[in-house]
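Hello,

Here is the structure I promised to pass on to you. Please open it beside this email, and my notes follow below.

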Amino acid sequence: MELVILERKSHLLTPPRLPCVGSLPTLRLASGCIHGCLDCYAQGSCGRIGSQKVVLAVNFLKKLRDELARRHPRPPAVCFDFASDPFQPVPELLERTYEVLKCLLGEGVGVVFQTKAKIPRQHLELLLAHPALVRAIIGLVTIDRRLLRIFEPRTATPRTRLAQMRQLVAGGVATLARVDPILPGLSDDPDALHGLCAALAEAGVREIAAGMLVLRPGLVRALRNRLARPQIFRRLMQPFSQGHNQRFRAGGPAMRVVPAARRRKFFQWLTAIAGQYGIAVHVCACKNPDLAGQSCRLAGAWSPTEVVERQKELFAP
Ligand code: SF4
């Protein structure tokens with residue numbers, strides 16, 4: 001793993017880039033992610049896929065404190081950028097994540113993060129000490145450990161992720177499972193979805209944000225090069241052969257999607273199956289503008305009044 005420390009001149013808190021983040025500012029703790037997921041949406045924005053390079057900025061905490069002090073009003077919460085896992089096993093980054101969490105939560109600013117990693121105990125304890133100020137998004141598309149090892153070679157096991165979801169939920173932290181990207185032909189069959197929903201329900205999760213894989217430019221080549229078994233590549237690509245190219249935002253690149261009928265059927269299955277376990281499903285509207293009516297609101301609702309109300313609920317005698 002290569003660690004690069006750079007000076008960062010631009011602002012740390014930046015306007016949200018994704019509609020599902022609402023109006024929360026985004027904070028990029030680092031660039032790059034050593035998890036090297038084969039289906040990573042961040043490739044291209046956080047370095048070459050599979051790269052073992054992580055870039056950190058110097059004086060990060062001081063700069064963050066200065067930026068927060070200049071903001072009137074302060075944001076109710078900050079969303080860690082999804083393009084780099086804040087809990088990936090890089091000691092220098094984990095130290096930064098801890099310091100940033102301590103700073104934000106200590107100042108009463110909420111945090112939204114997404115991870116597929118094992119959250120270290122020290123960080124977990126800090127999060128659990130401020131449940132009303134945390135929204136945890138845990139990525140898990142299947143409990144099939146072998147499949148996960150192929151596509152997410154360095155992330156935490158399903159068992160670890162489920163265990164930490166259980167701890168977060170039990171501690172009062174709003175916890176959502178991100179079932180995205182579902183791999184068509186590999187992780188979208190009803191049996192797999194039943195297994196996943198049962199495990200999530202057992203962990204206490206009541207919300208899922210779901211999406212199916214879309215093929216960004218360059219992803220097909222990366223998948224072909226990195227998938228050791230060509231039959232898995234062919235099975236994954238087959239549903240896309242009847243699909244079409246779609247632009248999700250004006251000026252953005254065209255991406256290949258599976259046909260709307262297949263996606264609709266999948267989301268219907270998932271909603272029905274998840275419903276049996278008391279889990280609500282939000283479909284990613286960014287990647288399904290032809291199906292989903294509104295944003296999946298991944299980052300949750302964060303008006304200052306809502307934060308105060310949640311604090312009251314949690315700490316009422
Ligand atoms: S954990 Fe997330 S950011 Fe990191 S490689 Fe995997 S998908 Fe990309």
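**Helix packing**

The axes of helix 6 (residues 190-202) and helix 9 (residues 260-276) approach within 9 Å and cross at roughly 35°. Axes here are lines fitted to C-alpha atoms, for helices over the stretch in contact, and angles run from 0 to 180 degrees between N-to-C directions. Helices (H or I, at least four residues) and strands (E, at least two) are DSSP runs numbered from the N terminus.

Before going on, please keep in mind that this is a predicted model, in which local features need pLDDT of at least 70 and side-chain atom pairs count only at pLDDT 80 or more, while totals for chains, interfaces and linings use all residues. Residues are numbered from 1 along each chain as its sequence is written, and side-chain values use heavy atoms, with hydrogens and water left out.

Back to the two helices: Pro190, Leu193, His194 and Cys197 of helix 6 meet Phe266, Trp269, Leu270, Ile273, Ala274 and Gln276 of helix 9 (contact means heavy atoms within 4.5 Å). The residues of this contact divide into eight nonpolar, two polar and no charged. In that count, Ala, Val, Leu, Ile, Met, Phe, Trp, Tyr, Cys and Pro are nonpolar, Asp, Glu, Lys and Arg are charged, and the others, Gly among them, are polar.

**The sheet and a hairpin**

Eight strands make an open sheet with mixed pairing, in the order 2-3-5-6-7-8-9-12; two strands pair if DSSP finds at least two bridges between them. At the edges are strand 2 (13-14) and strand 12 (280-283), each pairing on one side only. Strand 5 (residues 77-80) and strand 6 (residues 110-115) run parallel and are joined by three bridges, with Ala77 opposite Gly110. Helix 5 (residues 158-170) packs on the sheet, where it touches strand 7 (134-139) and strand 8 (174-182).

You will also find a hairpin made by strand 10 and strand 11, with six residues between them. Strand 10 (residues 244-247) and strand 11 (residues 254-257) run antiparallel, joined by four bridges, and Asn245 stands opposite Arg256. In the turn, Gly251 has a positive phi of about 85°.

**The cores**

The largest nonpolar core has 87 residues, and Leu27, Phe80, Leu104, Phe151, Leu200, Ile208 and Leu223 touch the most other members. Such a core is a set of buried Ala, Val, Leu, Ile, Met, Phe, Trp, Tyr and Cys residues joined through side-chain atoms within 4.5 Å. Buried means under 20% relative accessible area, exposed over 50%, and partly exposed in between (1.4 Å probe, protein chains only). Helix 2 (residues 91-106) supplies the largest share of this core, eight residues. A second, separate core of 14 residues includes Cys20, Phe82, Cys296 and Leu298.

**Backbone details to look at**

Most residues other than glycine have a negative phi, and most peptide bonds are trans. A cis peptide bond joins His72 and Pro73, with omega about -5°, and Pro73 lies in the loop between helix 1 (60-70) and strand 5. Another cis peptide bond links Asp180 and Pro181, with omega about 5°; Pro181 is in strand 8.

Asn59 is not a glycine, yet it has a positive phi of about 55°. Asn59 counts as exposed because its relative accessibility is 58%. Arg297 is not a glycine either, and has a positive phi of about 45°; Arg297 is partly exposed because its relative accessible area is 49%.

Best wishes
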